Amino acid sequence: MKRLLRESALTDTFDFDNGLLSLVGITIDDNGELAEKTLSETAYLNPDNSFTTVAILRNNETIIPHGENSFKANDHAYFIAQPDGVDRVMDLSGKKRTDIKNIMILGGSKVGINTARRLSKKYNIKLIEQDKEKCFELADMLPDTLIINGDGRDIDLLMEEGITDMDAFIAVTGNSETNIISCLVAKNHGVAKTIALVENIDYIHLSQNIGVDTMINKKLIAANFIFRYIRKGEVLNLTSIHGVDAEILEFEVKPESKILADELRNLDFPKSAVVGGVIRRGRGHTVRGSFRFEPKDRVVVLIRPECLHKVESFFK
């Protein structure tokens with residue numbers, strides 16, 4: 001959530017090696033330069049190859065894009081980008097930046113407490129909690145946060161507490177439906193960034209269609225950490241894109257790795273995987289077909305589940 005608030009227009013974000021490469025997700029708008037163009041047609045908009053399109057989510061379907069695939073309005077598109085490429089992606093997709101200063105958090109759960117604690121050093125935070133006794137505890141625990149006792153589903157209360165002045169709304173109660181609905185209310189009152197915590201993984205797909213900017217599921221995040229742990233030594237980093245049927249993994253190229261054999265275009269790399277970028281000697285690079293890998297390269301790859309083992313075989 002802290003990462004998502006850095007750039008209000010992004011629906012997803014994940015940094016590799018402290019931002020040398022970043023995964024960013026964004027919704028394609030009608031007024032953006034990418035809308036209704038194929039990847040091939042948009043190549044001129046990326047002259048320095050500062051980003052690579054790795055996935056498009058459209059009507060709950062995951063598309064691994066190639067040159068002939070096009071961007072449509074309301075698509076969720078995902079990119080691996082160099083630091084300057086993140087700004088370029090936002091410009092091309094027609095998004096306006098919003099400086100976030102005021103945040104309202106709904107729910108004094110563990111997630112709500114930790115979120116308020118981490119964000120209150122930088123932002124003005126209001127936290128709404130329904131349990132009166134718990135509000136007293138929260139006031140002691142969170143001295144830099146304004147604690148409000150009330151029902152976050154009460155629109156009059158939200159208006160009274162200045163929902164229209166908020167730049168972001170984060171709903172983390174124990175009820176997924178409450179979180180989603182309250183985020184929609186916030187969006188309807190002009191809040192630029194909404195984030196909902198959901199327990200039901202099936203709801204993740206809804207975020208694309210109903211207007212909540214980002215839905216987060218603790219089980220999926222925990223699964224990422226477990227997966228990375230059990231593949232220690234093979235996978236340096238891993239993240240899932242909520243709702244996308246693919247994983248993004250970071251591998252290190254070993255001296256005997258098969259991926260060193262030739263240029264990328266000659267390697268018979270699976271079509272349902274995309275090499276998003278490479279970190280080499282402290283710099284992030286996006287890659288094209290003529291790219292040749294070197295030992296100790298850190299390679300970021302988006303992978304559909306069916307080709308995971310084949311991709312891994314290139315790095316063993």
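Glycine 284 is buried, its relative accessible area being 10% (buried means under 20% relative accessible area, exposed over 50%, partly exposed in between, with a 1.4 Å probe and protein chains only). Welcome to a predicted model, in which local features need pLDDT of at least 70, side-chain atom pairs count only at pLDDT 80 or more, and totals for chains, interfaces and linings use all residues. Residues are numbered from 1 along each chain as its sequence is written, and side-chain values use heavy atoms, with hydrogens and water left out.

Strand S15 (residues 283-285) holds glycine 284; helices (H or I, at least four residues) and strands (E, at least two) are DSSP runs, numbered from the N terminus. Setting aside neighbours within four places in sequence, glycine 284 has contacts (heavy atoms within 4.5 Å) with Leu20, Leu21, Gln82, Val278 and Ile279. From lysine 96 glycine 284 is separated by 188 residues in sequence and by 26 Å in space, C-alpha to C-alpha.

## The five-stranded sheet

Five strands form an open sheet in the order S1-S2-S5-S3-S4, with antiparallel pairing; two strands pair if DSSP finds at least two bridges between them. Strand S1 (12-16) and strand S4 (61-63) are at the edges with a single partner strand each, so one side of each lacks a neighbour in the sheet. On average, neighbouring strands here are turned by 15° against each other, direction ignored; axes are lines fitted to C-alpha atoms, for helices over the stretch in contact, and angles run from 0 to 180 degrees between N-to-C directions.

Strands S3 (residues 51-58) and S5 (residues 76-81) run antiparallel and are joined by six bridges. Within S5, alanine 81 lies opposite phenylalanine 51. Helix H2 (residues 83-92) packs on the sheet and touches S2, S3 and S5, with its direction at about 10° to that of S2.

## Serine 22 in strand S2

Strand S2 (residues 21-27) includes serine 22, which is buried at a relative accessible area of 7%. The serine 22 side chain makes a polar contact with that of aspartate 15 at 2.9 Å. Such a contact is a pair of N or O atoms within 3.5 Å; within protein, one must be able to donate a hydrogen and the other to accept it, and residues adjacent in sequence count only if both atoms are side-chain atoms.

Strand S12 (residues 235-240) has five of its six residues buried, so the rest of the structure largely encloses it. Its antiparallel pairing with strand S13 (residues 247-252) covers five bridges, and threonine 239 has isoleucine 248 in S13 as its bridge partner. Six residues lie between the strands of this hairpin, where glycine 243 takes a positive phi near 95°.
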